[in-house]
Amino acid sequence: MRNMTCLECPMGCQLSIDEQTLEVTGNNCPKGEAFARAEITNPVRILTTTAVIESETESMLPVRTKDPIPKGSMDAAMKAIKNVRVKAPVEVGDIIVEDLVGTGVPLIATKRVLK
Amino acid sequence: MYDLIVIGGGPAGLAAAHAAWEKGVRKILILERDRELGGILNQCIHNGFGVKTFGEALSGPEYAARFEELVEKTGIEVKTDTMVLDVDPDRNVYAVNPTDGYVTYSAKAVVLAMGCRERTRGAISIPGSRPAGVFSAGTAQRYMNIDGFMVGKRVVILGSGDIGLIMARRLTLEGAKVLACVEIMPVSSGLRANIARCLEDFGIPLLLSHTVTEIRGDRRVTGVTVQEVDDKMAPIPGTEQYFDCDTLLLSVGLLPENELTKKAGIDLDPRTRGAYVFENRETETEGIFACGNVLHVHDLVDYVSEEAKFAGEAAAEYIANGERPRESFSVTTSGGVTYTVPQKIRKDSGMKLINVYLRVNRKVKKGDIVIASPEKEIARYHKQNLAPGEMITVGLPSVLLPADGGSDTLNVSLEVTEA
């Protein structure tokens with residue numbers, strides 16, 4: 001048995017999963033079941049951080065991975081994003097890095113910076 | 001003369017102004033003191049916003065952008081860089097900005113949406129010297145996420161509110177060592193999910209029933225002493241631990257920013273530190289409404305938007321039809337319920353369902369929220385996993401309100417069924 005807090009939404013359900021049968025309890029929705037299974041095989045998280053932007057108004061551009069990436073890729077991803085230089089203008093959702101450190105997941109802008 | 005002036009262009013102000021526009025109000029002005037709309041969401045770059053409102057987990061700037069786009073499509077007037085200095089009970093708003101200078105605006109209705117600010121070191125009286133390196137968590141968040149400055153290398157966080165938890169992860173990702181998150185209460189006020197993904201994911205210890213009892217350092221923080229506290233929150237001698245650190249972040253609570261509210265002569269509820277409001281979020285001063293964190297500190301922006309929409313619609317109704325009769329029930333609390341919003345429910349609210357927000361004072365596995373008049377119980381709601389950090393919403397159908405002639409109070413209490 002492994003216990004964990006579900007991170008799919010702010011409710012924070014207390015989940016338990018049987019590591020042999022993969023049976024999940026404590027969830028209030030199907031997302032919790034999928035979360036608990038992923039958590040014992042390949043835990044993933046959305047990474048949110050900032051990248052340097054050349055702009056008249058902003059110093060930093062908030063960015064995030066479009067989808068969750070493996071927890072083990074976090075450090076490499078942070079190092080890669082440190083070398084990124086973005087130029088304004090940028091729209092919300094613009095792709096900043098196509099494939100972040102081989103995860104297959106793009107890094108996207110989360111703020112509009114016009115100039 | 002405006003129909004509606006909204007003070008504050010954060011999530012509450014944006015949602016209130018947009019909701020009023022949707023209800024047909026046309027002369028609306030938003031006053032924002034920062035250079036851009038969005039409020040504190042601009043520095044909250046982490047995701048998790050909007051799960052209830054949009055069904056997806058957005059970052060703060062993305063969530064703000066959704067509402068900014070809605071407002072842009074309307075004829076709502078926005079003045080940024082504009083500081084409101086005073087509001088009076090006749091709904092005159094006095095403000096300054098670099099282009100217009102000192103100006104007075106008047107409106108038929110005003111929505112107060114100024115948000116909240118952080119408690120500081122002074123508010124919790126930590127002994128020790130006064131070196132650089134002591135930041136409120138939100139200040140550190142702004143330095144890092146907006147300005148791009150790192151605030152420290154070895155960090156202790158006092159308080160386990162959500163901003164402190166979020167900053168523990170943010171600092172760790174940026175290469176700092178977060179030594180501990182220290183919480184004076186036996187339970188964290190942060191969301192369970194944040195404790196898991198911000199502390200447990202990175203192996204950061206959460207020291208419950210502990211506090212910082214000394215800050216050391218001359219020019220810069222060189223360390224802090226942490227002690228365990230007893231059940232009266234007094235430090236226990238002999239439990240001192242010294243942390244060698246250069247930075248102390250304080251995440252010790254938020255206070256609604258109500259200076260303008262007080263100037264308008266509006267009474268504040270000492271429990272919420274926001275205005276007393278009716279079920280439509282109107283304050284005791286006619287035509288002045290309040291919503292969002294200036295009214296009571298919410299844990300999710302989704303609830304702020306929900307409440308603000310509601311206040312904006314109520315302001316629109318007031319502008320169109322005038323004040324509803326004020327005869328109302330006063331809402332009292334007992335048995336572990338620390339506050340409710342609203343604190344007053346009109347007998348003739350014109351609403352089918354009255355949303356009551358409330359908080360409890362302890363962690364409870366299962367419990368019932370009971371609403372009762374002095375004569376009898378009128379509603380009971382089964383709830384699970386209650387905690388001080390998680391706001392509870394109950395919907396009270398107005399048909400259940402006691403008929404005329406009875407008492408004028410309603411009490412909201414917690415009955416624990418499983419501790």
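The model is predicted. Five strands of chain B form an open sheet. Their order is 10-17-11-12-13, and the pairing is parallel. In general, strands of a sheet pair through backbone hydrogen bonds. Strand 10 and strand 13 of chain B stand at the edges. Each has a single partner strand, so one side of each has no neighbour in the sheet. From one strand to the next, the twist averages 20°.

One pairing can be followed in detail. Strand 12 of chain B runs parallel to strand 13 of chain B, and three bridges join them. Val182(B) has Leu207(B), in strand 13 of chain B, as its bridge partner.

Helix 5 of chain B packs on this sheet. The helix touches strand 11, strand 12 and strand 17 of chain B. Its direction makes about 170° with that of strand 12 of chain B.

Helix 5 of chain B also meets helix 4 of chain B. Their axes come within 9 Å and cross at roughly 40°. The two helices are therefore oblique to each other. Their crossing is left-handed. The table shows which residues make the contact.

| Helix (chain B) | Residue range | Contact residues |
|---|---|---|
| Helix 4 | residues 137–147 | Ala137(B), Gly138(B), Ala140(B), Gln141(B), Met144(B) |
| Helix 5 | residues 162–173 | Ile163(B), Gly164(B), Met167(B), Arg170(B) |

By type, the residues of this contact divide into five nonpolar, three polar and one charged.

How values were computed: Residues numbered from 1 in each chain as written. Chains lettered and ligands numbered in written order. Predicted model: local features only at pLDDT ≥ 70, side-chain atom pairs only at ≥ 80, totals over all residues. Axes fitted to C-alpha atoms, helices over the stretch in contact; angles between N-to-C directions. Helix = DSSP H or I, 4+ residues; strand = E, 2+ residues; numbered from the N terminus. Parallel < 35°, antiparallel > 145°, perpendicular 65-115°, else oblique. Left-handed = near helix turned anticlockwise from the far one by under 90°. Contact = placed C-beta atoms within 7 Å. Nonpolar A, V, L, I, M, F, W, Y, C, P; charged D, E, K, R; others polar. Pairing = 2+ DSSP bridges.
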